[in-house]
Amino acid sequence: MARATTRDVPRDPDVGDGSALEQEVIALRRELRLMQLANEELERLVVRDTLTPLFNRRHFITCLAERLSRLERYGTQSALVFIDVNGMKRINDTYGHSAGDLALLHIARLLASSVRATDIAARVGGDEFALLLDGVTEEAANEKAAHLAEMIAQTECRFGEEHLPLSAAFGCTALREGDNDFAAIARADMAMYAAKRGNGN
């Protein structure tokens, strides 16, 4: 990214040398703004997934640790939801990886539009997603998962002329006192695979 410097600022021939300092300040302010924008972009890249608009696994784990700490200190409830997209290998093999990427992006957008600003939606693996839902019981998380599963199955996803049939398996757990991130993730993961072995939703 090109950065503005004082050498890039054109001098006004109608202005005397007395305003040189003002022009220097203006140039420095522009350079500072460009640096701030570059830093914001770097921060975004650190916490965001490369394909979808969601957070990445690294940021998700950080947020999970924060929720567990809040639970221990204040008793604040949160729930963890793990999501595994069904049939991604078949989509990739049949329509190509561009179709697979489109399917993942489609689901990511549905998830992003369905959570609150205080919640965390992340892509944590190739075809796996996770949600951290603030102030939510396990029962409420299961209701949310059922709603999302229905939305994913019923919202059309098209790749050119092809309709991509999408569904996902969900596993939910409330965060518990004494949990670490590994225990909470393992519990949600087991619930998700139990759902997958059942009916896939």
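When I say contact, I mean heavy atoms within 4.5 Å. Take isoleucine 83 as the example: leaving aside neighbours within four places in sequence, isoleucine 83 is in contact with Leu111, Asp127, Glu128, Phe129, Leu131, Ala168, Ala169 and Phe170.

Before going on, a word on the source. This is a predicted model, in which local features need pLDDT of at least 70 and side-chain atom pairs count only at pLDDT 80 or more, while totals for chains, interfaces and linings use all residues. Residues are numbered from 1 along each chain as its sequence is written, and side-chain values use heavy atoms, with hydrogens and water left out.

Now the interior. Buried means under 20% relative accessible area, exposed over 50%, and partly exposed in between, with a 1.4 Å probe and protein chains only. A nonpolar core is a set of buried Ala, Val, Leu, Ile, Met, Phe, Trp, Tyr and Cys residues joined through side-chain atoms within 4.5 Å. How many residues does the largest nonpolar core have? It has 32, and those with the most contacts inside it are Val81, Ile83, Phe129, Leu131 and Phe170. At least two residues of this core come from each of strand S1 (78–85), helix H3 (88–95), helix H4 (97–113), S3, helix H5 (138–154) and strand S6 (168–174). Helices (H or I, at least four residues) and strands (E, at least two) are DSSP runs, numbered from the N terminus. H4 gives the largest share of the core, 7 residues. There is also a second, separate core of 20 residues, which includes Phe82, Ala130, Ala169 and Leu175.

Leucine 102 is in helix H4. Leucine 102 counts as partly exposed because its relative accessible area is 27%. Not counting residues up to four places away in sequence, leucine 102 touches Cys157, Arg158, Phe159 and Leu164.

Next, the charges. A salt bridge here is a side-chain nitrogen of Lys or Arg within 4 Å of a carboxyl oxygen of Asp or Glu. The structure holds 8 of these salt bridges.

Aspartate 134, in strand S3 (residues 128–134), forms a salt bridge with arginine 67, with the closest N and O atoms 2.7 Å apart. Arginine 67 lies in helix H2 (residues 57–74), so this pair ties together parts that are 67 residues apart in sequence. Aspartate 134 and arginine 67 are both buried. Arginine 70 forms a salt bridge with aspartate 134 as well, with the closest N and O atoms 3.2 Å apart. Arginine 70 is in helix H2, so that pair ties together parts 64 residues apart in sequence. Arginine 70 is partly exposed, at a relative accessible area of 30%.

Which residue forms a salt bridge with aspartate 84? Lysine 196 does, with the closest N and O atoms 2.5 Å apart. Lysine 196 is in helix H6 (residues 181–198) and aspartate 84 in strand S1, 112 residues apart. Lysine 196 counts as partly exposed at 28% relative accessibility, whereas aspartate 84 counts as buried at 5%.

To return to the other pairs, salt bridges that share partners join Arg67, Arg70 and Asp134 into one network.
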